[in-house]
Amino acid sequence: MSSRIRIIGGQWKRRLLPVPDSPGLRPTPDRVRETLFNWLGQDLSGWHCLDLFAGSGALGFEAASRGAARVLMVEQNPAIARGLNASVQQLGAGGCIEVIRADAARWLDQRPPMLQDLILLDPPFRAGWLPRILPAVLPWLAPHGLVYVEADHAITDDWLAQQGCNSLAVIRAGKAGQVHYQLLTSEPCPSSSTPEPSTR
């Protein structure tokens, strides 16, 4: 373990969690996380959240700390997934956080959707993930659910439309260094799947 992340709000405020040393791992900075949870509101009680590229777990742990009822963390790298599980045990958070070691796109494709109030997307940059993964998460979004996206380029409504995600709209956006971060909202739209209801 070469670094740590600090939870900045909620029941585990100021707790430090170890982060495995892994090439390309890019924890969301404190300032960006603080902005995101100011946008969301500080209390996520009852929310169901999906962190599809969990990495350091900074976003998912922050959501759970602020009261989310369920946080699913999907991470493909086995060493990073083991580190996430160790942090879950350290926090005693097994009742609300589940770590799943899987490829994000394959995992979405292989199981029936479960409605999520918040989906967190911070995929590796310049790997073509967002055009693939954004359409795939649409059936997982609760009505008026939210999607947080970090990218190396700005996400606009026109860009979303080009990806076939017309039901998503950008409601907040910021930039920190070379990282663009955006909060998107969804409108109810027909789906061939019948997702399980959210308890939010």
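User: In this predicted model, how many residues of H2 are buried?

Analyst: The model is predicted. Helix H2 spans residues 58–65. H2 is largely enclosed by the rest of the structure, because the buried residues number eight of the eight.

User: Which residues of H2 are buried?

Analyst: Buried means under 20% relative accessible area. In H2 that holds for Ala58, Leu59, Gly60, Phe61, Glu62, Ala63, Ala64 and Ser65.

User: Which residue with a positive phi follows H2?

Analyst: The phi value there is near 105 degrees. The residue that follows H2 is Gly67.

User: Are H1 and H2 roughly parallel or oblique to each other?

Analyst: H1 covers residues 30–40, and its axis lies 11 Å from that of H2. The packing angle is about 45 degrees. Angles under 35 degrees count as roughly parallel, and 65 to 115 as roughly perpendicular. H1 and H2 are therefore oblique.

User: Is the crossing of H1 and H2 left-handed or right-handed?

Analyst: The two helices pack at about 45 degrees. As H1 passes H2, the crossing is right-handed.

User: Which residues of H1 and H2 make the contact?

Analyst: Contact means heavy atoms within 4.5 Å. H1 brings Arg33, Leu36 and Phe37. H2 brings Ala58, Leu59, Glu62 and Ala63.

User: By class, how many residues in the contact of H1 with H2 are charged?

Analyst: Five residues are nonpolar.

User: Where do the buried residues of H5 fall, seen down its axis?

Analyst: Helix H5 runs over residues 129–137. Its buried residues are Trp129, Leu130, Ile133, Leu134 and Val137. An α-helix has 3.6 residues a turn, so residues three or four places apart point the same way. In H5 the buried residues line one face of the helix, because they fall within an arc of 105 degrees.

User: What covers the buried residues of H5?

Analyst: The cover includes both helices and strands. Among the helices are H4 (104–109) and H6 (157–162). Among the strands are S6 (116–121), S7 (141–151), S8 (168–176) and S9 (179–186).

User: Is Leu52 buried or exposed?

Analyst: Leu52 sits in the loop between strand S3 (48–51) and H2. Leaving aside neighbours within four places in sequence, Leu52 contacts Val74, Ala104, Trp107, Leu108, Leu120, Leu121, Ile133 and Val137. Ile133 and Val137 are among the buried residues of H5. At 1% relative accessibility, Leu52 is buried.

User: What separates Leu52 and Phe37 in space, C-alpha to C-alpha?

Analyst: Phe37 is one of the H1 residues in the contact with H2. In sequence, Leu52 and Phe37 are 15 residues apart. In space, they are 18 Å apart.

User: What is the relative accessible area of Ile155?

Analyst: Ile155 is placed in the loop between S7 and H6. Not counting residues up to four places away in sequence, Ile155 touches Leu130, Val149, Leu160, Val170, Gln182 and Leu184. Ile155 is buried, with a relative accessible area of 4%.

User: Is Arg14 buried or exposed?

Analyst: Arg14 lies in the loop between strand S1 (3–6) and strand S2 (16–19). Its phi is positive, near 75 degrees, in a residue other than glycine. With a relative accessible area of 59%, over the 50% cut-off, Arg14 is exposed.

User: How does His144 count at 46% relative accessibility, and what is its phi?

Analyst: His144 is part of strand S7. At 46%, His144 counts as partly exposed. His144 is not a glycine, yet its phi is positive, about 60 degrees.

Key
Residues are numbered from 1 along each chain as its sequence is written. This is a predicted model: local features need pLDDT of at least 70, side-chain atom pairs count only at pLDDT 80 or more; totals for chains, interfaces and linings use all residues. Side-chain values use heavy atoms; hydrogens and water are left out. Axes are lines fitted to C-alpha atoms, for helices over the stretch in contact, and angles run from 0 to 180 degrees between N-to-C directions. Helices (H or I, at least four residues) and strands (E, at least two) are DSSP runs, numbered from the N terminus. Angles under 35 degrees count as roughly parallel, over 145 as roughly antiparallel, 65 to 115 as roughly perpendicular and the rest as oblique. A crossing is left-handed if the near helix is turned anticlockwise from the far one by less than a right angle, and right-handed if clockwise. Ala, Val, Leu, Ile, Met, Phe, Trp, Tyr, Cys and Pro count as nonpolar, Asp, Glu, Lys and Arg as charged, and the others, Gly among them, as polar. Buried means under 20% relative accessible area, exposed over 50%, partly exposed in between (1.4 Å probe, protein chains only). The arc is that of the directions from the helix axis to the C-beta atoms.
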